[in-house]
Amino acid sequence: AGAMRAAALLPLLGWALLQPAGCRHCRPAGPPAVLRFTDRHAEIRVPALHRVPSALDPLYGLVRRCLDLIQQNPLPTELLRAALNDPGSVRTSQVLQYELGYAVCAAVALLFTVAVPLAGLCFCYCRSRRRCGGRLRAQRRSLRCRRHCLLACLSLTSLVMLVGVTCALVTSQRVKAQMEPGLAAVPSTLRTLRHHLANVPQGVQMVVDKFEVPRKQIISDLGGLSRGVGLSIHAQLQDTTYAALADLQDRAAELQSSLQHLRILDGTTRALAAARAELEPALRERQRGVVALLDDPRCTSCASVLGRARSLELGADYTKVPSVENVLKALAGLPRSDFAEMIRQGNGTFNSIPELAVEKMAQVIQAILSRAEPCRAILSHAKPCQAILSRSAPLSRWIAGTVLCSILLLILACNVTGMALGAYGLSKREDPSDYECRGEAGAKFLLVGVGLAFLFSWLLILLVFATFLVGGNIQTLVCRNWINQEIYKFIDTPGNLPPSMNLTRQLNLRRDSNLSATYRECKSGAGLWEVLQLDRSYDLDEHLKTPKYTADFQKRLGDFTAHLGQVRLLRSEGRQDLETFARSGLDQVDYGRFQEEMKNPVVQTSLPGLARNLEGLQKMQVGGGGSTVAGRLGAEARALWQMQNSTVQSQEALVAKLGESVQFLSRLAPHLKERVRRTLATTASVEAQLPLQAQQILRQELGCFARKELRYFTQYLSWVGQTLREDVASCQPLATALDNGRVILCDRIADPW
């Protein structure tokens, strides 16, 4: 078995040690853990405001269609440019030309404001002359039709007033309910936006600090890597290493066994030679006695055994075999080294490689992680991101509208009461006094309603016109052009704004950008570093590319070398022992001579056979002389048995012992030098290649480990990019604030207004 292991060891060792690490595959691993990152900056966000559906939407649509008819002119860019850059150059005719629709409405409102009080004065004058009603008329057919017509017209007017006042009161309340949240959202939006911009550096620092999440995960995985690396190194190197140690153990055992068998061989041949010399005279004397006895005429039937007795002589002569004394002299003092201890130390050295490799792996991973933080450079770009604020002012008209609507309700109540009393009076004509009293009261209520209408309706129309003028211009001049982004185009056109209102400079935007482009970029999720004017350009995508850090990671792994210590399977004194063993001349001894001599028996004639023959002849002797011969035959038989049991058997035992040693040495000797040469070459090769191959496997494990851990790194970089773009350093809150401004001004203030 040892020879077969030695013969197969070198090809296996060469294949295993020369096999490149890249040809081996990583052990199947489960999916990497999903890293959890907590974003404390996510609480600082500008909430997007949206138009809330309302029951007044049809009314708002009606107002917009009316405004589209009244104001059909586009954005007055020339007029606005002149007003912003040189207000003194603006002519009234230009303003009136643009505001022509509102001028017509103003003329109607002014005509109403002047005509209604004049009509009231005329009515009062007529009343003072008792020419405008107040007298009871005689009952006629034409008067009845006239009354019914007036009653119907007054009822219709009152119904229209009732619907209008109800709508006005409901709308006024809705306006108040919708404008208050809109106005409250202005400081909230600005405050959140200011907070977002002010916390950009802290948010970036938070993102950088979160590198501890993948770092801790990698270190945690590294802590559990020791056993995996140890198993991998043992699995890939144990065949060659254990085979080399087993082969070395076989050579050490062969050395010990060879020494033992050589000593047995030398001692046994000496003992056999001495025993032969001692047995030779005794055997010769026994031969003469037995031959003489069998040749005696008185011995009956003894002639048949006489030939066998005459051949009674010694067989094997071990003085003729070669001496192994020179071999024993060459091996004197061996083994000088403790092979068992050397093998134990070799195993210990091999088993210590994984722990040492893991220690080196921990050092290199820590070194790589200490240089792998990709987000430090972002901090230098976080300062210029705090320069955008806005202002707004509260609006209210609810109190004035409610007061005037209440007056309208009072007029309506007077009309309804007057009509009711008048109708009731007409139904009681049988009692002239009662008829006249109720009719007079109804007429007075109607007159009070007319008076209130003359006194306050012009104030109401002024309020309506003022609201319409302000709200309509906001809707047509600002909101409509804000929605179609004509305002952005006007702001972006050079020369439209005075130098003091250069928003690109005030907002610190890129010189090659404008408000429209910035709004679109922010809307699509661009980062602040992409729209603001920084000292130098900054490409986050380029900075966060995983291969950029993967290449450095893999380069450092490729440059990694670990000195795993000197692996010694065979010390110099052990090597010298094996070399001396191979040169000892053990293979030059002629073991065939031993085997040929051992084929010869100790005595040529079998002593037990001859003794049994003599015993048989003893029984055949008869007569007086026969009894004497029979006694002598018995005595000779007993002497032969004694010689067999005392001397020959002990020599045969020595021959058997000698045969075992000769057999062992004869099998070992032809292959001894080749086995020792292979063992020495194998141990030297393992000692030289084992650290290199262990390091190669270590690099392979590092590569597999890195491929797994880089997925954590990729998760972190992906989270960094997403967090910076969508949260920490996102420009989208600016676009959201602008959209919120439009929703607040147009949907929550201008529409209800």
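Helices here are DSSP runs of H or I with at least four residues, strands are runs of E with at least two, and both are numbered from the N terminus. The model is predicted, so local features need pLDDT of at least 70, side-chain atom pairs count only at pLDDT 80 or more, and totals for chains, interfaces and linings use all residues. Residues are numbered from 1 along each chain as its sequence is written, and side-chain values use heavy atoms, with hydrogens and water left out.

Start with a loop. Pro 335 sits between helix H11 (325-330) and helix H12 (339-369). A cis peptide bond links Leu 334 to Pro 335, with omega at about -5°. Another loop, between helix H14 (432-483) and helix H15 (486-492), holds Gln 485. Its phi is near 65°, a positive value in a residue other than glycine. Gln 485 is partly exposed, at 26% relative accessibility. Buried means under 20% relative accessible area, exposed means over 50%, and partly exposed lies in between (1.4 Å probe, protein chains only).

Helix H10 spans residues 303-310, and Val 305, Leu 306 and Ala 309 are buried in it. Viewed down the axis of H10, the buried residues fall within an arc of 120°, so they line one face of the helix. That arc is taken from the directions from the helix axis to the C-beta atoms. Helix H21 (residues 572-583) contains Thr 580. Thr 580 is buried, at 16% relative accessibility. Its side chain reaches the backbone oxygen of Gln 576 at 2.8 Å. A polar contact is a pair of N or O atoms within 3.5 Å; within protein, one must be able to donate a hydrogen and the other to accept it, and residues adjacent in sequence count only if both atoms are side-chain atoms.

Now the charged pairs. Side chains of opposite charge can pair when their charged atoms come close. The model has 21 salt bridges, each a side-chain nitrogen of Lys or Arg within 4 Å of a carboxyl oxygen of Asp or Glu. One of them joins Asp 751 and Arg 64 at 2.3 Å, N to O. Asp 751 lies in the segment after helix H26 (732-750) and Arg 64 in helix H2 (residues 57-70), so the pair ties together parts that are 687 residues apart in sequence. Asp 751 is buried at 11% relative accessibility, while Arg 64 is partly exposed at 26%.

Glu 573 pairs with Arg 571 at 3.0 Å, N to O. Glu 573 is partly exposed at 30% relative accessibility, and Arg 571 is partly exposed at 26%. Asp 747 and Arg 742 also form a salt bridge, at 3.9 Å, N to O. Here Asp 747 is buried at 13% relative accessibility, and Arg 742 is partly exposed at 21%. Elsewhere, salt bridges with shared partners join Asp 247, Arg 251, Glu 254 and Arg 675 into one network.

A cavity is a set of points, on a 1 Å grid over the protein atoms alone, where a 1.4 Å probe fits but cannot get out; lining residues have an atom within 4 Å of a point. Grid points are joined across faces, edges and corners, and a volume is the space filled by probe spheres set on the points. There are 5 cavities of 30 Å³ or more. Leu 272, Arg 276, Leu 314, Ala 316, Tyr 318, Val 602 and Gln 651 line the second largest cavity. By class, that lining has 5 nonpolar, 1 polar and 1 charged residues. Nonpolar covers Ala, Val, Leu, Ile, Met, Phe, Trp, Tyr, Cys and Pro; charged covers Asp, Glu, Lys and Arg; the others, Gly among them, are polar.

Terms used:
On a 1 Å grid over the protein atoms alone, a cavity is a set of points where a 1.4 Å probe fits but cannot get out, and a pocket is an open set with protein on both sides within 12 Å along at least five of seven lines; lining residues have an atom within 4 Å of a point.
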